[in-house]
Amino acid sequence: MKIIIRADDLGYSEGVNFGILKSIDDGKINNVSMMSNTAYAKKGYDLIKDKGVCVGLHANISGGYPVSNPTEIDTLVNGRVFHKSSFYREVEEDIVDTEQARIEVEAQIEKFISITGVLPAYIDIHATNSGNFEEGVKEAALKYGITFVPADFSGRITNFKGYKLKTIVKSSEPNYEPKQVFIDSINNNVQDLLLFIFHPGFIDKYLYNHSSLLIPRIMETDYLCSTDFKDYLNKKKIECIRIDSLV
């Protein structure tokens, strides 16, 4: 069986950066999504740039400051900062302007290039429930020739590179237990390809003040680096593939 395991939010904070580094060094993470607009993005990339992992852009309009001029993307910001992810969940209609989303994502692509020296291996979306945002991301990805990785967080199947792809991300659910979610997902799988999205990290002050996802990050870091996890992969003959191997 082949699966994709992805660590999201590189650059969110120093604690997240080091949690992702540990999940690479001591675990099986080989796909990492970076938030290029964040203050800790370059430090995070410098930690993992020689680790041989596939690094993509985590397109983000719900955390930190925009890369583009805030006056050009007024549907995405509150003053000079992005709306929080809770804002997008609470509004009754999709208030994101697709063109503004494209402008910001293109700026984030350019920032990614300035940090890494290369195009993102792929592009995906960070924590925003907006069809208009997704369309803007797709337009920017098409312009730069970057593969867009879809993710349906409701569990529905999406098409990706000839595969039927199912996304598994349960970090925000009550009583979340990474090991059980992973094993149950593998045992119940009848699809071509599973995409597991994890958020490894350690809690630092910035994360504590800005993220609703705290304890699950520690739990995921611990499980991804555990002997149990690696033994289970070997027992089930599961191959963790890089996203760029499908591109």
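**A guided tour of the helices**

Begin with helix α4: the elements that cover its buried residues include β2 (31-34), α2, β3 (54-59), β5 (81-82), β6 (123-125) and α5 (131-144). The model is a predicted one.

Next, select the buried residues of α4 themselves, namely Gln100, Ala101, Arg102, Glu104, Val105, Glu106, Ala107, Gln108, Ile109, Phe112, Ile115 and Thr116.

Residues up to four places away in sequence aside, Thr116 touches Met34 and Tyr45.

Now move to the pair α1 and α2. Select residues 14-25 for helix α1 and residues 41-48 for helix α2; their axes come within 9 Å and cross at roughly 15°. The two helices are therefore roughly parallel to each other. The crossing in which α1 passes α2 is right-handed. To show the contact, display Glu14, Asn17, Phe18, Leu21 and Ile24 on the α1 side, which meet Lys43, Gly44, Leu47 and Ile48 on the α2 side. Coloured by class, this contact of α1 with α2 has five nonpolar, two polar and two charged residues.

Select helix α6 (residues 178-187) together with helix α9 (residues 227-235): they pack at an angle of about 10°, and their axes are 11 Å apart. Accordingly, α6 and α9 are described as roughly parallel to each other. In α6, Lys179, Phe182, Ile183, Ile186 and Asn187 meet Asp228, Phe229, Tyr232 and Leu233 of α9. By class, the contact of α6 with α9 has six nonpolar, one polar and two charged residues.

The last stop is Ser85, placed in helix α3 (residues 85-90). Which residues does Ser85 contact, leaving aside its neighbours within four places in sequence? Select Ser62 and Ala127, with which Ser85 is in contact. Then draw a distance between the C-alpha atoms of Ser85 and His126: these residues are 41 apart along the chain, and the separation is 9.0 Å.

Key
Residues are numbered from 1 along each chain as its sequence is written. This is a predicted model: local features need pLDDT of at least 70, side-chain atom pairs count only at pLDDT 80 or more; totals for chains, interfaces and linings use all residues. Side-chain values use heavy atoms; hydrogens and water are left out. Axes are lines fitted to C-alpha atoms, for helices over the stretch in contact, and angles run from 0 to 180 degrees between N-to-C directions. Helices (H or I, at least four residues) and strands (E, at least two) are DSSP runs, numbered from the N terminus. Angles under 35 degrees count as roughly parallel, over 145 as roughly antiparallel, 65 to 115 as roughly perpendicular and the rest as oblique. A crossing is left-handed if the near helix is turned anticlockwise from the far one by less than a right angle, and right-handed if clockwise. Contact means heavy atoms within 4.5 Å. Ala, Val, Leu, Ile, Met, Phe, Trp, Tyr, Cys and Pro count as nonpolar, Asp, Glu, Lys and Arg as charged, and the others, Gly among them, as polar. Buried means under 20% relative accessible area, exposed over 50%, partly exposed in between (1.4 Å probe, protein chains only).
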